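Let me put it on the screen.

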Amino acid sequence: MVKGNSSKKSRREAGQGYLFMAPVLIILGIFVIAPILCAIYLSFHKVELLGGTHLEFRGLDNFLKITFDDRAHIALKNTVLYVVIVVPLQTLLALVLAASLNAGMKGQKFFRIVYFLPTLTSSAVLTLIFMWMYNQNGLINHILHMLHLPTYNWIGDPSVALLAIMIMNIWATAPFFMVIYLAALQDIPDSHYEAAELDGATGLQKFWHITVPNLRPVTSFVVIMGLIGTFQLFDQSYIFSGGSGGPNNSTLTVVLLIYQYAFKSLGTMGYATALAFMLAIIILIATLLQRKFSKEESLY
Amino acid sequence: MKLKKYVSTAGLTALLATSLLAGCSHPGESENSSKTVITLSGWGGNPVEKKLLEGVLDDFEKSHPNIDVKFNQISDQYMDVLKTRLIGGTAADVFYLDAFEAPGLIETGAIEPLDKYVTDDFDVDDFEKPMLDAFKDNGKIYGFPKDYSTLALFYNKKMFREAGIGGPPKTWEELERDAKKLTKGNKVYGLGVMPQIERLYYMAESEGGQVITNDRATFAEDRVSRALQPILDMHLKDKTAAQASEVGSGSGGEMFGQGRAAMVMEGNWNIPFMKDTFPQIEYGTAELPTVNGKKGTMSFTVGYAMNAESKHKKASWELIKYLTGKEGMKTWTSKGFALPTRKSVAEELGYDKDPLRGPLVKGAEYATVWQDGPMLPIVMNNFNNQFLSAYLGERPLKKALKDAQKQANKEIKVAE
């Protein structure tokens, strides 16, 4: 009797809990889970959405096509190159910026705001502004010329176009992670630094042996977020190349390729979802690898 | 990342909420139930063109009081937007369709065949045949061309006089010779070139080679590379031709207007452009020089097509019929922004006798229409990517074309 009562009560509580969660569950279900399931389903079909929907079961055909699609390989190569360069640099830059802003300089609040501004700007606007600066006769070439350095056709030359996007993105994303680092820096107990000072540690030693290890969990978070974000590079290269991924496929990223197959060419929606699925798996693997490496060295 | 997601979710929720609210009230819907409202989608064009179209649509509404036309402009990424709307069932009843994109869309069945609506008084035979054929598939007509332009040779009369050349070149050999006389270092080039398949297609096939055969790219053959080699030679060996970006111009027309090229091959759009932007340049037009004694040029055409899922097909046909009919087309092409695809209208407006537009009109009968089946967009991308590298002298043409063909056929396979 007592038992029955309590189970009834717990069920009612559970029911209430779900009721409160219902709005989120419904929204997640409709906008996140259902599309994922739908995409998995579509990736095994040839999908023609125009002129009445035709689905034709193709098994693993779409996934096999990825192996001989050169543009998919180029896109993957570009994306990986982008990740490998951008993630470490933006993490490092974020850490250095945060550390310098935490050093107790005069006017550091002002600089915190200034540094954070790029992150607040819409990436589309940012890209357009940078495209003017990258123009053949633009600001960046002008400065390079003044310094007697070689100038580049940043937008039109396949060998530097991706680099141009990298520079822009590091500049724009680092401040966001800087804020996360800043918060973490406040949490490091002063006693550690004091102890180190008593032992006669220099500023650089303190940074390297106290700040960096203490920030490890945050670094792990920053790197994972960076990985996910950079693997999904789309808007910048879309605007940069006018949607084509050019010049000569040099700014073609995986997500841009997915977009092209899904919306530009006809009847390749199924292939596009297969590509998207592969990208999800790649990001998952990269994240797992990163976690494994960061766990191997324990904090103390 | 997270933040963006939240913002977009919030936006969606707001959108849903407003659409729910909007769904509750339909003020005055029954009021114009006798009037059929149809929508027409197209890209913008310049302000004068837009006004011209509005004028034609006004005329149509006056003569068809029970039909109301709403013009919906898609300014950017026209085909992406159109396809997405067609899938979502929200596309316009009638829309512009570039001949180049037509076969792919026709294949899907999203476009209504128009044969059953056509009556004798519409006079289909009056259309220039190559332009009409561009919208045909299996003998059925899926669109009527609203206008077109061919390419002609624009030449700078002052530069020709200074170089002592009597008139525009008639053959490709004459063009090469004249270009040498007209070139002044890297300041002025004899010929402005667009190294792209859409401008060179007729030339690529001039020796009998085929760019596409049975939906497969087949341009990596000797006959095609031999036919295109002169374009490269003029740039790399003679140094008498260049593309616009090499001299810091945005387009061929601009290059011509700024006096950096003595000749360019452009279409009708260049005439109003020159008038507005470079009125001081004294220029003439001529038919493109013959290649191997044969006349050839490209022709670009856009038509009106009907959405197969339109709810007002009768009214939509009335609109297409009017816009591509003699009266509507005459108004639309009267200002010379585009050339009429109806022979009778062309004759009435006298464009064949116009000193600037005459050569463009003459090209219509032998022009190659820029349309070659559903795989052309893929072929075009790959061809242009690789052809540019050959044009810049990075590698031999033959090898570049081979790579491009291989890649194009792979992509075609992916798409199938």
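Which residues are buried in H12(A)? Taking a residue as buried if 20 or more other C-beta atoms lie within 10 Å of its own, exposed if 12 or fewer, and partly exposed in between, with the C-beta atoms placed from the backbone, the buried residues are Val254(A), Val255(A), Leu256(A), Leu257(A), Ile258(A), Gln260(A), Tyr261(A) and Ala262(A). That makes eight of the 11 residues in helix H12 (residues 254-264) of chain A, so this helix is largely enclosed by the rest of the structure. When I say helix or strand, I mean DSSP runs numbered from the N terminus, with helices being H or I of at least four residues and strands being E of at least two.

Before going further, some ground rules: this is a predicted model, in which local features need pLDDT of at least 70 and side-chain atom pairs count only at pLDDT 80 or more, while totals for chains, interfaces and linings use all residues. Residues are numbered from 1 along each chain as its sequence is written, and chains are lettered from A, with ligands numbered from 1, in the order in which they are written.

On confidence, the predictor gives the complex an ipTM of 0.71 and a pTM of 0.78. The pLDDT, which is the predictor's confidence in each residue on a scale from 0 to 100, averages 87 over chain B, where 92% of the residues score at least 70. Where pLDDT is low, the predicted coordinates should not be read in detail.

Turning to chain A, the domain assignment, which is automatic or taken from a database, gives domain 1 (2-42) and domain 2 (62-296), and the centres of these two domains, taken over C-alpha atoms, are separated by 36 Å. An unreviewed UniProt entry carries the annotation "domain: ABC transmembrane type-1" for residues 76-290 of chain A; such positions are given in the numbering used here, feature names are shortened, and annotations may be inferred rather than shown by experiment. In the model, that span is 77% helix and 0% strand, and its end C-alpha atoms lie 19 Å apart.

Where the chains meet, 25 residues of chain A are in contact with 20 residues of chain B. On the side of chain A that touches chain B, H10(A) gives the most, with three residues.

Strands count as paired if DSSP finds at least two bridges between them. Strand S7 (residues 152-156) of chain B runs antiparallel to S12(B) and is joined to it by four bridges, with Leu153(B) partnered by Met265(B). Strand S8 (residues 189-192) of chain B, by contrast, pairs with S12(B) in the parallel sense over three bridges, and here Leu191(B) has Met263(B) as its bridge partner.

Chain B is also divided in two, into domain 1 (36-149 + 300-369) and domain 2 (150-299 + 372-415), with 28 Å between their centres over C-alpha atoms. Their contact takes 25 residues from domain 1 of chain B and 21 residues from domain 2 of chain B, and H15(B) supplies the largest share of the domain 1 side, four residues.

Terms used: Contact = placed C-beta atoms within 7 Å.
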